[in-house]
Amino acid sequence: MNIFKSLAIITAIAALSGCAHQIQLNPNTDSFVSSDKIINTTVGYHISDEDRKKIVTTDGGGGDDVSYSPYKDTESILFTVLSNKFEDVYLVKNLDDNAFIKENEIKLIFIPEIITQSSSSSAFTWPPTKFVIDLTVKAVNSSGDLVWEKQIIKTGEAEYDEFKEDFSLSARRAAEQVFLELAKDIEQEVSLLN
Amino acid sequence: MIKIMKITIVALSLLLTACSMQAPPYEVSIKNVQNIKKAKVKQVKVGTITSNKQLDSISLRGSSMLSPVNKSYGAYLQKALEDELKLAKLLSPVSSTVITGEMLTNDIDVSGFSEGTGEASAKFVVTRDNKVIFDKTISAKHTFESSFIGAIAIPNAQASYVGLVQKLIENLFEDQVFISVLKG
């Protein structure tokens with residue numbers, strides 16, 4: 001009977017696994033508040049079309065994978081962080097579009113680079129229990145010169161009792177921490193950006 | 001043997017899906033923020049947007065999805081509207097122009113094996129100095145990729161809720177009457 005049970009479990013897991021489950025990185029925004037001292041400057045951010053379309057697949061639990069769009073999922077929170085500190089924020093589609101940058105008086109352009117990893121300590125549930133985001137943000141001035149660069153690495157964790165309500169929880173927690181840190185760094189080092 | 005397999009599959013399916021889950025946190029639509037900014041309207045206050053108990057639980061193949069904001073989808077829509085207006089720097093807690101509302105429909109249909117659909121509508125009311133200057137029902141529809149497999153279909157449906165609310169606010173911000181009363 002034990003052999004039958006084991007076979008049944010393996011068959012069931014195989015039937016339910018082997019696929020990539022969709023999760024999202026967009027975090028809870030309650031902790032993201034507007035700065036007391038908004039800088040009267042217009043800034044931009046650049047995410048290439050290729051990055052925005054990028055779908056990344058990393059490990060989940062039980063032999064399954066999870067897939068997500070790191071740039072698309074975090075574009076809104078990057079925009080929020082910048083809008084909370086600067087007067088106006090534009091998407092700069094093309095870094096070589098000097099006419100657009102000049103016309104909108106964009107002083108700085110923030111460019112994110114995101115690397116992710118995920119894993120799970122569970123053999124039976126697919127949502128990741130651990131999610132790591134390695135975010136590097138570069139800021140260039142209107143001439144294209146690098147004026148600021150920051151790397152932030154944060155880990156989000158979630159156990160079954162927590163993620164049963166939100167399968168993306170570990171990823172959202174990682175994103176929340178990484179972008180809160182970015183907001184803090186911009187707040188503290190804004191003089192370097194001017 | 002077959003019975004054990006069936007029981008195991010059902011048990012594992014239950015492990016992988018939950019009795020109740022939360023809708024994802026709202027993700028500000030940059031398009032909506034840019035559109036309302038470009039409209040050059042005056043600052044507004046967002047009042048209460050209500051929803052009834054029936055609308056506050058969305059069924060996704062037997063699992064119920066609740067709002068992460070006070071378990072109310074009206075409160076979810078209210079916060080979404082506040083978040084977008086705040087980023088557009090158009091939210092003022094002291095403005096005499098107030099947007100309130102009531103959700104009328106709110107549902108996601110994930111019974112299809114290849115495509116799911118979401119539908120929501122709300123009655124939005126704008127008052128200025130306690131006088132109603134706008135009263136209209138705005139609706140939105142949204143489609144998303146679905147699957148026969150619940151462990152894929154349910155997370156997809158859950159994730160799609162943000163897009164549905166973004167679309168509802170987009171339709172409100174594109175309503176020319178709404179824009180004109182906010183300019184006045």
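Trainee: Of the contacts in chain B with a separation of 6 or more, what share comes from residues 24 or more positions apart?
Mentor: 74% of them, where contact means that C-beta atoms, placed from the backbone, lie within 7 Å. This is a predicted model, where local features need pLDDT of at least 70 and side-chain atom pairs count only at pLDDT 80 or more, while totals for chains, interfaces and linings use all residues. Residues are numbered from 1 along each chain as its sequence is written, and chains are lettered from A and ligands numbered from 1 in the order in which they are written.

Trainee: OK, how many helices and strands are in chain B?
Mentor: Chain B has five helices and seven strands. These are DSSP runs numbered from the N terminus: H or I of at least four residues for helices, E of at least two for strands.

Trainee: What's the strand order in the four-stranded sheet of chain B?
Mentor: S2-S5-S6-S7, an open sheet with mixed pairing; strands pair if DSSP finds at least two bridges between them. S2 (45–50) and S7 (131–145) of chain B are at the edges with a single partner strand each, so one side of each has no neighbour in the sheet. From one strand to the next, the twist averages 20 degrees, using lines fitted to C-alpha atoms (for helices, over the stretch in contact) and angles from 0 to 180 degrees between N-to-C directions.

Trainee: And in which sense do S5 and S6 of chain B pair?
Mentor: Antiparallel, over twelve bridges between S5 (residues 97–109) and S6 (residues 115–128) of chain B. For instance, B:Thr105 has B:Ser121 in S6(B) as its bridge partner.

Trainee: Which strands does helix H3 of chain B touch?
Mentor: H3 (residues 73–87) packs on that sheet, touching S2, S5 and S6 of chain B, with its direction at about 160 degrees to that of S2(B). Helix H4 (residues 150–173) of chain B also packs on the sheet; H4 touches S5, S6 and S7 of chain B and makes about 145 degrees with S7(B).

Trainee: Switching topic: is B:Gly62 buried or exposed?
Mentor: Exposed, because B:Gly62 has 9 other C-beta atoms within 10 Å; 12 or fewer counts as exposed, 20 or more as buried and anything in between as partly exposed, with C-beta atoms placed from the backbone. B:Gly62 is in the loop between S3 (57–60) and S4 (63–66) of chain B. Its C-alpha atom is 9.0 Å from that of B:Ser20, 42 residues apart along the chain.

Trainee: What percentage of chain B is buried?
Mentor: 41% of its 184 residues.

Key: Two residues are in contact if their C-beta atoms, placed from the backbone, lie within 7 Å.
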